[in-house]
Amino acid sequence: MSDTTIKLSDAAIRRQMLADFWFYFRQNRGAVVGMWVFIGLVILAIFAQVIAPHDPTQQYRDALLAPPFWQEGGRPEFLLGTDAVGRDMLSRLIYGAQYSLFIGIVVVAIALIGGIFVGLLAGFFGGWVDTVIMRVMDVILAFPSLLLALVLVAVLGPGLTNAMIAIAVVYQPHFARLTRAAVMGEKEREYVTAARVAGAGTMRLMFKTILPNCLAPLIVQATLSFSSAVLDSAALGFLGMGAQPPSSEWGTMLAEAREFILRAWWVVTLPGLAILISVLAINLMGDGLRDALDPKLKRS
């Protein structure tokens with residue numbers, strides 16, 4: 001069989017796999033809705049400078065706590081009103097999408113890479129390596145995630161970067177345990193034994209032979225951790241330990257608006273709705289990925 005024929009057959013297999021994935025994914029209508037909402041969030045984040053009507057940090061002193069345009073006293077140039085120092089709420093919400101995506105991507109990337117590495121080591125080598133790594137992961141999991149993140153941020157110092165590092169450390173055990181379980185289930189299979197007999201080295205067995213067959217549950221976990229990272233970063237921002245003012249991160253916006261809950265509902269409600277909608281959309285999309293990637297959940 002020629003190389004061209006092999007490449008064509010591989011391309012056909014990949015197309016069939018994508019078609020199967022989309023078939024099972026779209027069975028979950030909530031997941032499809034979540035996917036489109038997430039795509040909208042990505043578009044807002046990428047084109048925030050074009051879409052936002054105002055600079056998110058610019059203060060309009062003649063429009064302090066202006067209500068949304070449909071309420072009495074609202075102004076058409078501030079569609080969703082302004083905050084206590086006259087900054088446009090719509091623009092700050094749009095720019096806040098950048099923070100949410102950036103936080104989710106960085107946290108998941110750090111936790112995923114670290115968790116896969118230590119999980120591969122624990123699952124592949126076993127013995128004392130497995131025992132030491134898993135006991136450390138158990139200690140981290142013994143603490144409530146937000147409490148441990150707060151302690152780490154208190155040690156490292158308040159700020160968005162330190163908050164992301166703290167959240168990533170908290171989430172890493174989930175990926176490590178999932179990777180370890182998948183590796184232990186795969187390493188005794190026939191294809192691994194065949195690769196070992198053929199002379200494959202340890203690194204090749206771990207990263208080229210076993211790891212690609214363990215990615216499906218990790219992708220689902222990464223999606224769910226993405227939404228949790230957005231939520232925890234908002235919680236840290238609300239407590240004053242995450243992103244610092246005047247950033248337009250949604251949790252920080254909530255913290256700045258606490259004293260105006262009764263006077264100006266929009267400065268509290270709108271950032272809260274942004275967090276709710278984004279987290280819900282990502283969770284729904286994660287459910288669809290789980291249905292599409294887990295063979296046990298596929299309907300015949």
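This is a short walk through one predicted model, from the whole chain down to single residues.

Let's start with the overall build. The chain has 12 helices and 0 strands. Along the principal axes, the C-alpha atoms fill a box of roughly 75 × 45 × 30 Å. There are 300 residues, and 45% of them count as buried.

Now contacts. Take the pairs of residues at least 6 apart in sequence. Of those contacts, 69% join residues at least 24 apart.

Next, the surface. The chain exposes about 15800 Å². Carbon and sulfur atoms supply 66% of that area. As for charge, count 23 positive side chains and 21 negative ones. The centres of the two sets lie 8 Å apart.

On to the annotations. Residues 99-126 are 96% helix and 0% strand, and their end C-alpha atoms are 39 Å apart. Residues 146-171 are 88% helix, again with 0% strand. Here the end C-alpha atoms are 10 Å apart.

The unreviewed entry also places a domain, "ABC transmembrane type-1", at residues 97-286. In the model, that span is 80% helix and 0% strand. Its end C-alpha atoms lie 19 Å apart.

Let's zoom in on one helix, H9, residues 202-210. Which residues of H9 are buried? They are Leu205, Met206, Thr209 and Ile210. Seen down the axis of H9, these fall within an arc of 125°, so they line one face of the helix. An α-helix has 3.6 residues a turn, so residues three or four places apart point the same way. What about the face of H9 turned away from the buried side? That face carries the exposed residues Met203 and Lys208. And what covers the buried residues of H9? The cover includes H4, helix H7 (160-186) and helix H8 (190-197).

Now the loop between helix H3 (48-51) and helix H4 (89-125). Two residues there deserve a stop.

Leucine 65 sits in this loop. Leucine 65 is not a glycine, yet its phi is positive, about 55°. Is leucine 65 buried or exposed? Its relative accessible area is 15%. Buried means under 20%, so leucine 65 counts as buried.

Aspartate 88 is in the loop between H3 and H4 too. Its relative accessible area is 0%, so aspartate 88 is buried. What does aspartate 88 touch, leaving aside neighbours within four places in sequence? The contacts are Pro53, His54, Glu77, Phe78, Leu79, Gly81 and Thr82. One distance to note: aspartate 88 and alanine 63 are 25 residues apart along the chain. Their C-alpha atoms are separated by 9.2 Å.

Last stop, a peptide bond. Proline 245 and proline 246 are joined by a cis peptide bond. Omega there is about 10°. Where is proline 246? Proline 246 lies in the loop between helix H10 (215-238) and helix H11 (250-256).

To recap: 12 helices and 0 strands, a buried face on H9, a buried aspartate 88 in the loop between H3 and H4, and a cis bond between proline 245 and proline 246.

How values were computed
Residues are numbered from 1 along each chain as its sequence is written. This is a predicted model: local features need pLDDT of at least 70, side-chain atom pairs count only at pLDDT 80 or more; totals for chains, interfaces and linings use all residues. Side-chain values use heavy atoms; hydrogens and water are left out. Helices (H or I, at least four residues) and strands (E, at least two) are DSSP runs, numbered from the N terminus. Buried means under 20% relative accessible area, exposed over 50%, partly exposed in between (1.4 Å probe, protein chains only). Contact means heavy atoms within 4.5 Å. Accessible areas come from the Shrake-Rupley method with a 1.4 Å probe; for residues, only the protein chains shown count as cover. Lys and Arg count as positive and Asp and Glu as negative; His and the chain ends are not counted. The place of a charge is taken as NZ of Lys, CZ of Arg, CG of Asp or CD of Glu. UniProt positions are given in the numbering used here, feature names are shortened, and annotations may be inferred rather than shown by experiment. The arc is that of the directions from the helix axis to the C-beta atoms.
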